[in-house]
Structures are given as C-alpha cells and as structure tokens.
Amino acid sequence: MMQTRTIYVTLAFVGAALSTAVAPAVAAPSAAPAATPPSTACPTGWGSLAKSDTADTATTTPVRNVRTGRHDCYDRMVVDLPGAGGGSAGAVGYTVRYVDRLHQDGSGTHIPVAGGAVLEVRVAAPSYAPETGEPTYPARAGQPLPGVNPAGYRTFRDTRFAAGFEGDTQIGLGVRARLPFRVLQLQDHLVIDVAHSWTDAR
C-alpha cells in the first residue's frame with residue numbers, strides 16, 4: 001500500500017514539473033516566420049519595333065553627354081540635353097530602331113557596331129553649338145562614346161558615335177540580341193532602356 005502511494009506521489013510531482021516546464025512554451029507567442037521579399041517582376045510589353053516621336057520640332061538645345069547604367073531588368077542609356085525641358089509631353093524628336101547595319105548620316109559610311117543586334121538612336125538635337133558649330137559633346141565618328149564602358153552589362157555590348165548632321169545626333173548601340181526596348185522623355189533627358197530578356201524574369 002505504501003509502495004502504491006509512493007508511486008502516485010512521485011507521478012504527481014513529475015506531472016507538475018512537466019506542466020510547469022511546458023506552460024511557458026505554450027503561453028509564449030510563436031515567432032512570425034521571416035518575411036521573404038516579394039520577387040520583382042520586370043515590365044513586359046515593350047516590343048522591339050521602331051519607336052519614334054517626330055511630332056515635336058527639332059530642338060536647338062545641344063546634346064551635352066551620353067551615359068549608361070545597369071538596372072535589375074534592363075540596361076539604360078541616357079542622352080543629356082540640359083535646358084531642353086521635356087517630360088511626358090515630350091520636348092525633342094527621336095527615332096530608335098533596330099538596323100541591320102549602322103550607316104553614318106550624310107556620307108553613308110558603314111560604322112561597325114559589336115553585338116548580336118544594333119539599335120540606331122537618332123535624336124533631333126545637335127551635338128554641336130548651332131551658333132558656332134563647336135562640338136558640345138566630345139565624340140568622334142566611328143569611335144566608342146566617351147566615358148562609356150559597356151563591359152559587365154547584361155545587354156549592352158558596344159556604343160558608337162555615328163554623326164552630328166543637320167541638327168541630328170546619331171548613335172549606334174550594340175546589344176546582345178534583338179531585345180525589347182522602350183524610350184522615355186524625362187526632364188532634359190532622353191532615356192533608352194533595353195530589357196535583359198523577353199520574359200518577366202530577371
């Protein structure tokens with residue numbers, strides 16, 4: 001009898017100890033799982049057909065610089081036109097299109113551009129001061145754009161200055177393949193974005 005009572009008392013102590021040990025774990029709020037940042041989908045629907053805005057007259061505001069940058073979904077080229085204005089209403093005419101070969105305005109000289117495809121970027125703005133003819137953008141025909149190095153870019157492969165001719169600036173942009181692109185007019189800038197792929201994945 002004494003042995004049975006000892007067993008019951010022992011079990012009671014063990015049960016109390018277990019309930020005390022378990023209680024805090026049950027009462028404590030469970031930690032929320034670490035938030036996983038949502039994957040950023042890249043924009044689609046740009047297409048690869050020619051894009052142009054010729055409704056605006058050519059500007060006499062000259063091109064001052066051309067620069068490039070890398071983004072998650074695309075590589076970007078920016079043509080700087082300080083003082084040209086712009087925005088969604090537009091300020092300068094342009095034509096951007098894929099070409100089989102880049103030919104210099106005026107002379108028709110073929111300018112080789114490396115890459116699987118070539119975008120011709122034509123901006124209705126001079127690369128020289130209209131009053132004096134002095135260059136405002138220090139580029140030379142057939143040569144890479146000054147200060148632009150496409151090494152390490154996912155889409156861009158080469159850049160070439162073609163011409164500043166009759167108020168237009170002509171540039172060749174070599175890309176990896178014929179990929180979708182868009183053209184944006186921002187304040188004092190013309191922007192060309194070329195997607196990394198045809199899908200919405202990075």
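Ground rules. This is a predicted model: local features need pLDDT of at least 70, side-chain atom pairs count only at pLDDT 80 or more, and totals for chains, interfaces and linings use all residues. Residues are numbered from 1 along each chain as its sequence is written, and side-chain values use heavy atoms, with hydrogens and water left out.

Start with strand β11, residues 189–195. Strands are DSSP runs of E, at least two residues, numbered from the N terminus. Six of the seven residues in β11 are buried, meaning under 20% relative accessible area with a 1.4 Å probe, protein chains only.

What does β11 pair with? Pairing requires at least two DSSP bridges between two strands. Strand β3, residues 74–80, runs antiparallel to β11, with seven bridges. Val-79 sits opposite Leu-190 there. Strand β10, residues 181–186, is also antiparallel to β11, over six bridges. Leu-186 has His-189 as its bridge partner. Two residues lie between the strands of that hairpin, and Asp-188 takes a positive phi near 65°.

Now charges. A salt bridge here is a side-chain nitrogen of Lys or Arg within 4 Å of a carboxyl oxygen of Asp or Glu. The whole structure has seven. Arg-76 and Asp-193 form one, with closest N and O atoms 2.6 Å apart. That pair links β3 to β11, 117 residues apart in the chain. Arg-76 and Asp-193 are both buried.

Next, Glu-120 and Arg-122 meet at 2.8 Å, N to O. Both are buried. Shared partners join Arg-97, Asp-105, Glu-120 and Arg-122 into one salt-bridge network.

Key
Buried < 20%, exposed > 50% of the residue type's maximum accessible area, 1.4 Å probe, protein only. Helix = DSSP H or I, 4+ residues; strand = E, 2+ residues; numbered from the N terminus.
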